[in-house]
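Please walk me through this structure step by step, in plain words.

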Amino acid sequence: MKKFAFYPGCVSRGACPELFDSTLTVCERLGIELIHEPLEGASCTGAGVLQEKNQKLGDTLNARTFAMVEKTGLPLLTICSTCQGVMAQANYRLRSDKNYLDEINRDLADENLQYSGSVEPKHLLWVLFEDIGVDYVKSQFTRSLEGFKFAPFYGCYIVRPSDVLALDVNPDRKNSLEQIIEATGAELVDFPGKTACCGFPILLINETNSTKMVGNHTLSAKRKGADAMVTPCPLCHLNLDGYQPSASLLRREKINLPILHLPQLLGLAMGIEPTELKLNRHIVSTKKIISTLSVTP
Amino acid sequence: MKVEYKVKRYNPESDVALESFDTYVVELDQAATVLDGLIKIREEVDNTLTLRCSCRSAICGSCAMRINGQAMLACNTKVSDFEENGNIKLLVEPPGNMPVIKDLVVDFVPFWSKVKSVDPWLKSSHPPKYMEEHIASNESMLHLSGVMGCIMCGACVSDCTVLEVDKSFLGPAALAKAYRFVSDPRDDSTKFRLKALEKPSGMWDCTRCMQCVEVCPKGVDPMGRIMKLRDFAIQDGYKNTYGAKHTAVFTDSVKNTGWLNEFQLPLRTFGIFNVFKLLGLLPILLDALVSRKVPPVFHHKLPSVSSIQRIFKKVDLQITKRE
């Protein structure tokens, strides 16, 4: 078992409980031991929203989380693209400016915390490639998903800015989701919107624009034959799944494209029951996938 | 080395297909840029190929186009960057989000009209007298060098994900330009500027997707500037937009409980007396109830929330100065 300090993010403990549950199930199978306790008191990353008001405040809160991780000596694992990106950006600023880090550490001193800069926040998607090994992941797949067509949808913060996320140093990060989809035996549906914005950040500010984005991406994947979309970002899931009915009304076209969380896809390929992966907890029905699976040997 | 160019063509005067792709294979040396190849094609293979270019040194901003799906300056991009297993294949398209005039040339009128709309000039109530200068210290201007490096190439506008769905959005280039004047110590129209920018299609419509940050060839960081404008707007009391309220409610939630109260976020952003907006939440609420995806109504505090609150108290009071 490889141990990780687990940072689940707010959404997997709120509106996406199916992500939290399926992560626990799948990680156990993959020999990933998620240690919850050290980060139970870790704050929200700020999701880029708090940073609009005060970036330094966001960086201090994230430095606090990193300092808590450093105390455990464990690597940090998250299951949210947005958390991953926001933490990576904070970490980039902290690591590249010693004076800034010192200044932030002075504010953390009262909390008996110090951050030296050693943490590298990693999404589960990256951990699969960089810590577990994709061959080992594949060896755990017992059910071929051949016959299915899945489209990837990354979420902005796990692909941009590419220098902060060190994509060139870790080239697998550029197409990890495509590789995982293909490893399950499913056919990859590539489409240009896979790295675009889902619209979630402006949902409460400009719902029409946000819903148009949902419509564009889901219909574009659907027209290319996708049976479902797979995302490592619970915020993208919330918008692409939850606001798909609105997008459908806006576009006057049926969409019905299930949006799977990354661990749900992994779990299906591992032969885990769809109910255990909480596929029944989606707004866009996943019944078609479940019924196809049940007739597949 | 051989380089394959697949170029998107568009000819409004054509009586056949308006839009098509043409493929050209040209011999280029290792150091060649994408623009070198396009000029070679135009001069030696197909003189109907239309493109804009001038300085060939990433200064004039004329040759922004989409190369393999992403906006970049053709003169600043080497063909060898795209080598894969010994092959170089390029898909060259005009910049996005702007009307195409012909082939790789787009109409910049909407781009310029948005830049103009932010009044991109100094507005000072005490302009210098005749033959005098309005002196600003080096330190007070240095932080603006990044944003002043903008060459107006339109790469950020081309790949902006909001402009894809809403042509009325002011866009990253104009907003970055607005920031440049809001942050200029000699300008004293900040309040008027921020008031204009908080309107619909302004600063709060950006999704923070970072496409503009990624594609900008000059490191202008348009999205970072938009975030700063939001920060300034909140500081200056422009808090009556859904964007500003969303930020305030979100921050409040983290401050009070350590994490996001998803249930309260929409209710408090819209306001509990905003019946029209709250009714609009009903369909998603019902869908979420059926799928058991409603976030917890009773939101618990994190175990060490007092530590988070101390940090808020300490850091949030250190008001971000307008550098």
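**A loop to start from**

Pro161(A) sits in the loop between β5 and α8 (172-183) of chain A; helices (H or I, at least four residues) and strands (E, at least two) are DSSP runs, numbered from the N terminus. The peptide bond that leads from Arg160(A) into Pro161(A) is cis, with omega near -10 degrees. Before going on, keep in mind that this is a predicted model, where local features need pLDDT of at least 70, side-chain atom pairs count only at pLDDT 80 or more, and totals for chains, interfaces and linings use all residues. Residues are numbered from 1 along each chain as its sequence is written, while chains are lettered from A and ligands numbered from 1 in the order in which they are written.

Now let us look at the sheet in chain A. Four strands make an open sheet in the order β6-β5-β7-β8 (chain A), with parallel pairing; two strands pair if DSSP finds at least two bridges between them. At the edges stand β6 (187-188) and β8 (259-261) of chain A, each with a single partner strand, so one side of each has no neighbour in the sheet. Strand β5 (residues 149-152) of chain A pairs with β6(A) in the parallel sense over two bridges, and Lys149(A) is found opposite Glu187(A) in β6(A).

Helices cover part of this sheet. Helix α10 (residues 234-242) of chain A lies across β7 (228-231) and β8 of chain A, at about 160 degrees to β8(A). Helix α12 (residues 262-269) of chain A also packs on the sheet and touches β7 and β8 of chain A, but its direction makes about 80 degrees with that of β8(A). Such axes are lines fitted to C-alpha atoms, for helices over the stretch in contact, and angles run from 0 to 180 degrees between N-to-C directions.

Which residues does Val230(A) touch, not counting residues up to four places away in sequence? Among them are Phe150(A), Leu177(A), Leu260(A) and Leu265(A), where contact means that the C-beta atoms, placed from the backbone, lie within 7 Å.

Leaving aside neighbours within four places in sequence, Thr23(A) is in contact with Ile79(A), Leu124(A) and Pro263(A). Asn256(A), in the loop between α11 (244-251) and β8 of chain A, is partly exposed, with 13 other C-beta atoms within 10 Å. Asn256(A) is not a glycine, yet has a positive phi of about 50 degrees.

Next comes chain B, which has 14 helices and eight strands. Of its 323 residues, 41% count as buried. Its domain assignment gives domain 1 (2-105), domain 2 (109-235) and domain 3 (242-316); such bounds come from an automatic or database domain assignment. The centres of domain 1 of chain B and domain 3 of chain B, taken over C-alpha atoms, are 48 Å apart.

Finally, how do the two chains meet? The contact takes 53 residues from chain B and 45 residues from chain A. On the side of chain B that touches chain A, α14(B) gives the most, with eight residues.

How values were computed
Contact = placed C-beta atoms within 7 Å. Buried ≥ 20, exposed ≤ 12 C-beta atoms within 10 Å, placed from the backbone.
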